[in-house]
Amino acid sequence: MIKVAPSILAADFACLGSEVEEIRRGGADYVHFDVMDGAFVPNISFGVPVLKSLRKATELFLDVHLMIDRPIRYVERFCDAGADLVNIHVEADTEENNLAALEKIRAKGKKCGVTLKPGTPAEAAAPYLQLVDLVLVMTVEPGFGGQSFMFDMMDKVRTLRSMLDAVNPGCDLEVDGGITDKTAAVAKAAGANILVAGSAVFGKADRAAAIAAIRNSETE
Ligand code: DX5
Ligand code: ZN
């Protein structure tokens with residue numbers, strides 16, 4: 001089953017509640033929540049207080065993507081604010097600290113994940129694969145919405161799917177960046193089962209149609 005996770009980075013923050021309600025009615029599976037600290041990535045987005053408000057406004061699954069340095073400092077606060085899943089970047093700290101951060105998320109009863117930047121090889125996820133519920137492969141450089149899909153990341157998606165099948169077959173594989181009704185099919189064919197899309201959903205007037213087009217995208 002393919003899941004579609006619209007990224008609210010592309011939403012109108014002045015009416016975030018109704019934006020999220022619209023994607024819920026439009027069939028979104030998750031809300032993708034992009035946290036940026038201006039250090040791990042060259043951009044700043046939003047954080048814990050916004051997540052807390054959003055938690056009150058929706059029952060949708062909140063998929064929190066932390067693009068922040070040393071996430072171990074903050075993961076528990078995002079759990080307490082209402083995240084359903086907290087995802088950290090493997091590049092953001094030492095392996096020891098990342099493992100400890102994942103344990104903290106699990107101890108809060110939440111799902112956890114790891115993310116790989118485009119330049120990070122699949123093997124960098126190996127120490128975490130048995131511990132996580134989701135692995136995210138970035139298909140753009142993290143930091144900004146609206147960039148073009150990196151087709152050359154599909155080898156990494158395929159490699160990670162087979163690595164996961166060996167040790168944690170139930171683990172989800174998510175892609176993030178440049179997903180459209182065209183590129184979604186390519187990501188699905190490579191083995192991704194959760195598709196994040198910002199501009200391809202919130203940039204369209206008809207969000208239900210946009211979500212359906214991504215979900216039903218097929219290779220030509
Ligand atoms: C990028 C973010 C993405 C972003 C995707 O750093 O992690 O989630 O919102 O935006 P689009 O779908 O527009 O590429
Ligand atoms: Zn993201």
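This report walks through a predicted model, from its zinc site to its sheet, its cores and a few single residues.

Residues are numbered from 1 along each chain as its sequence is written, while chains are lettered from A and ligands numbered from 1 in the order in which they are written. Because the model is predicted, local features need pLDDT of at least 70 and side-chain atom pairs count only at pLDDT 80 or more, with totals for chains, interfaces and linings using all residues; side-chain values use heavy atoms, and hydrogens and water are left out.

## The zinc site

Let us start at the metal. The zinc ion (ligand 2) is held at 2.0 to 2.3 Å by His32 (NE2), Asp34 (OD), His65 (ND1) and Asp176 (OD). Donors here are N, O and S atoms within 2.8 Å of the metal (3.2 Å for Na, K and Ca), and sites may look incomplete because water is not among the atoms. Along the chain, the donors of the zinc ion (ligand 2) follow the spacing H-x1-D-x30-H-x110-D. Asp34 in strand β2 (residues 30-36) and Asp176 in strand β7 (residues 172-176) are 142 residues apart, a pair that links distant parts of the chain. Helices (H or I, at least four residues) and strands (E, at least two) are DSSP runs, numbered from the N terminus.

The six donor atoms of the zinc ion (ligand 2) make angles of 69 to 170 degrees, and the site is octahedral. For comparison, the ideal angles for six octahedral donors are 90 or 180 degrees.

## The sheet and its helices

The open sheet has eight strands in the order β1-β8-β7-β6-β5-β4-β3-β2, with parallel pairing. Two strands pair if DSSP finds at least two bridges between them. The edge strands, β1 (3-6) and β2, each pair on one side only. Neighbouring strands are turned by 25 degrees against each other on average, direction ignored.

Strands β7 and β8 (residues 194-197) are parallel and share three bridges, and Asp176 stands opposite Val196 in β8. Helix α5 (residues 154-167) packs on the sheet, where it touches β5 (111-116), β6 (134-138) and β7, and its direction makes about 165 degrees with that of β7. Helix α8 (residues 207-215) lies across β1 and β8, at about 135 degrees to β1. Contact means heavy atoms within 4.5 Å; axes are lines fitted to C-alpha atoms, for helices over the stretch in contact, and angles run from 0 to 180 degrees between N-to-C directions.

Four bridges join strand β3 (residues 61-67) to β4 in parallel, with Val64 opposite Val86 in β4. In strand β4 (residues 85-89), five of its five residues are buried. Leu85, Asn87 and His89 point one way from β4, while Val86 and Ile88 point the other way. In a regular strand the side chains alternate between the two faces of the sheet.

## Burial and the cores

Buried means under 20% relative accessible area, exposed over 50%, and partly exposed in between (1.4 Å probe, protein chains only).

| Residue | Relative accessible area | Class |
|---|---|---|
| Asp34 | 4% | buried |
| Asp176 | 9% | buried |
| Leu129 | 3% | buried |
| Arg70 | 45% | partly exposed |

A nonpolar core is a set of buried Ala, Val, Leu, Ile, Met, Phe, Trp, Tyr and Cys residues joined through side-chain atoms within 4.5 Å. The largest one has 62 residues, and Ile8, Leu66, Val135, Leu160, Ile179, Leu195 and Ile214 touch the most other members. Its largest share, four residues, comes from α5. Another core, of 10 residues, lies apart from it and includes Tyr30, Phe61, Leu136 and Val140.

## Single residues worth a look

Leu129 lies in the loop between β5 and β6. Leaving out residues up to four places away in sequence, Leu129 touches Val135, Leu160, Met163, Leu164, Val167 and Asn168. Leu129 and Asn168 are 39 residues apart in sequence, and their C-alpha atoms are 6.8 Å apart.

Val31 lies in strand β2 and is buried at a relative accessible area of 0%. Its contacts beyond four places in sequence include Ile8, Leu54 and Phe61.

Finally, Arg70, in the loop between β3 and α3 (75-80), has a positive phi of about 45 degrees although it is not a glycine.

Terms used. Four donors count as tetrahedral if all angles lie between 85 and 135 degrees; four count as square planar and six as octahedral if opposite donors are over 155 degrees apart and all others between 65 and 115; anything else is irregular.
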